[in-house]
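User: Please go through this model with me in a few questions and answers.

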Amino acid sequence: MLEFRSRVLQAIRRWFIEHDFVEVETPVRLSTPALELHINAEPAGDHFLRTSPELHMKRLVAAGARRIFQLGPCFRRGERGSRHNPEYTMLEWYRADANYADVLLDTKALLAFVAGEVKGTTDLVYQGHPLVFAPFWERLTIAEAFIRWAGWDPVKNYNADRFDFDLVEKVEPHLPRAAPVILTDYPAAAGALARRKPDNPAVAERWELYLGGLEIANAYSELIDPVEQRTRFAECAGQRAAAGRTVYPLDEEFLAELGHMPPTGGVALGVDRLVMILADLATLDDLLPFRE
Amino acid sequence: MYSASDLRKGLKIEMDGVPFDIVEYEFYRPGKGQAMYKCRIRNLLNGNVTDKTFREVDSIDQPDLEEREMQYSYNDGEHFVFLENRTYEQVTLSPDVLGTAKYFLREDMTVKVLFHNGRAITVNLPSYVEKEIVETEPGVRGDTATNVTKPAKIDSGLEIRVPLFINQGDWVRRVFRACGEEVSWSRGLKLENGVSAIRQQPDAVSSGARIP
């Protein structure tokens, strides 16, 4: 398994290098982790361990980087389950002058390449079910998926609690497994750091990739409006305070530089879960040699 | 009160006054959403297993449970009488509370009785119990297949299923996990009712003897 994982990492690097991406490393200890309502950072002295490298990577794009990727550890406090580990490897990449549709093409090409390199085929089997990586992926908008399986439209009437619950209880269990599935166009309120769709501001340009029913990657057309970003951070800080959670300080440097960022597409992909799928393992226990 | 993040396998919780045992537990945090705790829970009163998903914000009641060690004394014809080890208090339990455990009791056997709000709800036997087969069709010599079984009666009258090579007068061993759930013993012999078949007397087996 160690060798297999190493081959996956090498294949990922090779794909990015061949497509003119630059591998970068950004700080792991942060004083201002990204504010997200439900993601909790692990304190490390007077800093926090990063929950994602996104703010620093976007600052690199704002400073002129065109195509960058990073492979490295991220930490999320309290996330321990058969498909979660409090410490995990994240692959994150950004493409300037692009949107969430462009980075979806990157993702398709990357997965087909990696599967070909490590498995010799894109026709996989995951836990007894066929899973074919190329060329057709199932694509469902959040509204379509929720109307079909949960009986309501969260884009019209957003309810955060019901949205999260029905996603886990009603939508995810029904997602097709034979091909990768893209859930796209999230309600703007569930868009986090994604920009609104220009022709339909009720939805955010965000997608999530599922492989074999397992959530693998999250992508945005990045929000590059510093005013709206500040408003969203402030709302999130208020909600965190109300929920009794640590409120991280605003990253003022990020907000100051965000105004220089070109339209950008970004993807965050969980590498441990990708290796799990490629190696046909049911849980992270079978994959990680040192499990917390 | 527990918060959802306290949930884990083996934790005992209470919902609407009913105590439950968490038999399976899975952490979920979909996308950027709130954490969910998908649990499979077992009703400690009737053994029924159901699924229940808790949200991060849920708080969950803690049941008043107490486990007491007791020694089985006798059956008065209907009820089962135990002696509490510490206080020598006599406790009478109905056959309902014992369930199938009643077929595996032996005089002076030490058991653990689980009380909920002061009322006995389950009886946990020692980690294994051995019983003699008192009635079964004659064994088929040389047939060591374990997936083909036949009915057999143990000395307490319970009918179980055993492999064909088991004879009248043989002993079988039933293994329990701490929570009272039966599992089959080692050696790849997985039989219905979680009973492992053994050909030797119990003493020989506890010293590590194996099925030929």
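**Strands, chain contact and a helix pair**

Analyst: In strand 9 of chain B, Leu93(B) is the bridge partner of Phe80(B). The model is predicted: local features need pLDDT of at least 70, side-chain atom pairs count only at pLDDT 80 or more, and totals for chains, interfaces and linings use all residues. Residues are numbered from 1 along each chain as its sequence is written, while chains are lettered from A and ligands numbered from 1 in the order in which they are written.

User: Over how many bridges do strand 8 and strand 9 of chain B pair?

Analyst: Strands, like helices, are DSSP runs numbered from the N terminus (strands E, at least two residues; helices H or I, at least four). Two strands pair if DSSP finds at least two bridges between them. For strand 8 (residues 80–84) and strand 9 of chain B, the sense is antiparallel and the number of bridges is four.

User: Which strands stand at the edges of the open sheet in chain B, and why is one side of each left without a neighbour?

Analyst: The sheet has five strands in the order 9-8-7-10-11 of chain B, with antiparallel pairing. Each edge strand has a single partner strand, so one side is left without a neighbour in the sheet; the edge strands of chain B are strand 9 (90–93) and strand 11 (119–124).

User: Which element of chain B gives the most residues to the side that touches chain A?

Analyst: The contact takes 20 residues from chain A and 14 residues from chain B, where contact means C-beta atoms, placed from the backbone, within 7 Å. Strand 3 (18–28) and strand 5 (49–55) of chain B are the elements that give two or more residues to this side of chain B. With three residues, the one that gives the most is strand 3 of chain B.

User: How is helix 1 of chain A oriented to helix 3 of chain A?

Analyst: Helix 1 (residues 2–18) and helix 3 (residues 100–119) of chain A pack with their axes 9 Å apart, at an angle of about 135 degrees. Axes are lines fitted to C-alpha atoms, for helices over the stretch in contact, and angles run from 0 to 180 degrees between N-to-C directions. Angles under 35 degrees count as roughly parallel, over 145 as roughly antiparallel, 65 to 115 as roughly perpendicular and the rest as oblique. Helix 1 of chain A is therefore, relative to helix 3 of chain A, oblique.

Conventions: Contact = placed C-beta atoms within 7 Å.
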